[in-house]
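Please work through the following exercises with the sequence and the model open beside the text. Each task is followed by a solution that goes step by step.

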Amino acid sequence: MNCYDCRALQENTVAVAVCGRCGAGLCMDHAHVAPQTVHEAAGTGTYTHTPNARRLTCGVCHEAEV
Ligand SMILES: [Zn+2]
Ligand SMILES: [Zn+2]
């Protein structure tokens with residue numbers, strides 16, 4: 001699979017990640033990594049996992065989520 005954003009620029013770059021929102025293939029230059037807090041119901045309270053989970057998104061989805 002190749003990077004979707006690079007294809008839009010007429011380039012072929014091997015994808016190293018996949019956008020967690022839209023599923024587009026992403027190269028290192030186009031992958032945006034953001035920490036994501038994971039909450040999990042545990043008994044009577046909420047257990048928050050640490051460290052944060054990782055979320056990879058493309059540039060479009062990254063902008064949309066901010
Ligand atoms: Zn790319
Ligand atoms: Zn995306």
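**Exercise 1.** In which strand is the place of proline 51? Describe its peptide bond and its surroundings as well.

*Solution.* This is a predicted model, in which local features need pLDDT of at least 70 and side-chain atom pairs count only at pLDDT 80 or more, while totals for chains, interfaces and linings use all residues. Residues are numbered from 1 along each chain as its sequence is written, chains are lettered from A and ligands numbered from 1 in the order in which they are written, and side-chain values use heavy atoms, with hydrogens and water left out.

Step 1: proline 51 has its place in strand β4, where helices (H or I, at least four residues) and strands (E, at least two) are DSSP runs numbered from the N terminus.
Step 2: the peptide bond that joins threonine 50 and proline 51 is cis, with omega about -5°.
Step 3: proline 51 is exposed, as its relative accessible area is 71%; buried means under 20% relative accessible area, exposed over 50% and partly exposed in between, with a 1.4 Å probe and protein chains only.
Step 4: from C-alpha to C-alpha, proline 51 and valine 38 are 8.9 Å apart in space, although 13 residues apart in sequence.

**Exercise 2.** Identify the donors of the zinc ion (ligand 1) and state the geometry of its site.

*Solution.* Step 1: the ion is coordinated by Cys3 (SG), Cys6 (SG), Cys27 (SG) and His30 (ND1), at 1.9 to 2.3 Å; donors are N, O and S atoms within 2.8 Å of the metal (3.2 Å for Na, K and Ca), and water is not among the atoms, so sites may look incomplete.
Step 1: the angles among the 4 donor atoms are 105 to 114°, and the site of the zinc ion (ligand 1) is tetrahedral, a term that applies to four donors if all angles lie between 85 and 135 degrees. For comparison, the ideal angle for four tetrahedral donors is 109.5 degrees.
Step 2: along the sequence, the donor residues of the zinc ion (ligand 1) have the spacing C-x2-C-x20-C-x2-H. Distant parts of the chain are linked here, with cysteine 3 in the segment before α1 (4–8) and cysteine 27, 24 residues apart from it, in the loop between β2 (25–26) and β3 (32–42).
Step 3: cysteine 3 and cysteine 27 are both buried.
Step 4: histidine 30 is placed in the loop between β2 and β3. Neighbours within four places in sequence aside, histidine 30 is in contact (heavy atoms within 4.5 Å) with residues including Asp5, Leu9, Thr57 and Gly59.

**Exercise 3.** Which residues outside its sequence neighbourhood is threonine 57 in contact with, and is threonine 57 buried or exposed?

*Solution.* Step 1: threonine 57 is found in strand β4 and is buried, with a relative accessible area of 1%.
Step 1: leaving aside neighbours within four places in sequence, threonine 57 is in contact with Cys19, Gly20, Leu26, His30, Ala31, His32, His62 and Glu65.
Step 2: strand β4 (residues 45–57) runs antiparallel to β3, to which 10 bridges join it; two strands pair if DSSP finds at least two bridges between them.
Step 3: one of the bridge partners is threonine 46, which faces alanine 41 in this pairing. The hairpin of β3 and β4 has 2 residues between the strands, and glycine 43 takes a positive phi near 65° there.

**Exercise 4.** Describe the overall build of the chain.

*Solution.* Step 1: the chain has 2 helices and 4 strands, in the order α-β-β-β-β-α from the N terminus on.
Step 1: the chain is more spread out than a compact globule, because its radius of gyration is 15 Å, well over the 11 Å that the globule rule gives for 66 residues. The radius is taken over C-alpha atoms, and the rule is 2.2 Å times the number of residues to the power 0.38.
Step 2: the C-alpha trace spans about 55 × 20 × 15 Å along its principal axes, and 23% of the 66 residues count as buried.

Note on methods: Four donors count as tetrahedral if all angles lie between 85 and 135 degrees; four count as square planar and six as octahedral if opposite donors are over 155 degrees apart and all others between 65 and 115; anything else is irregular.
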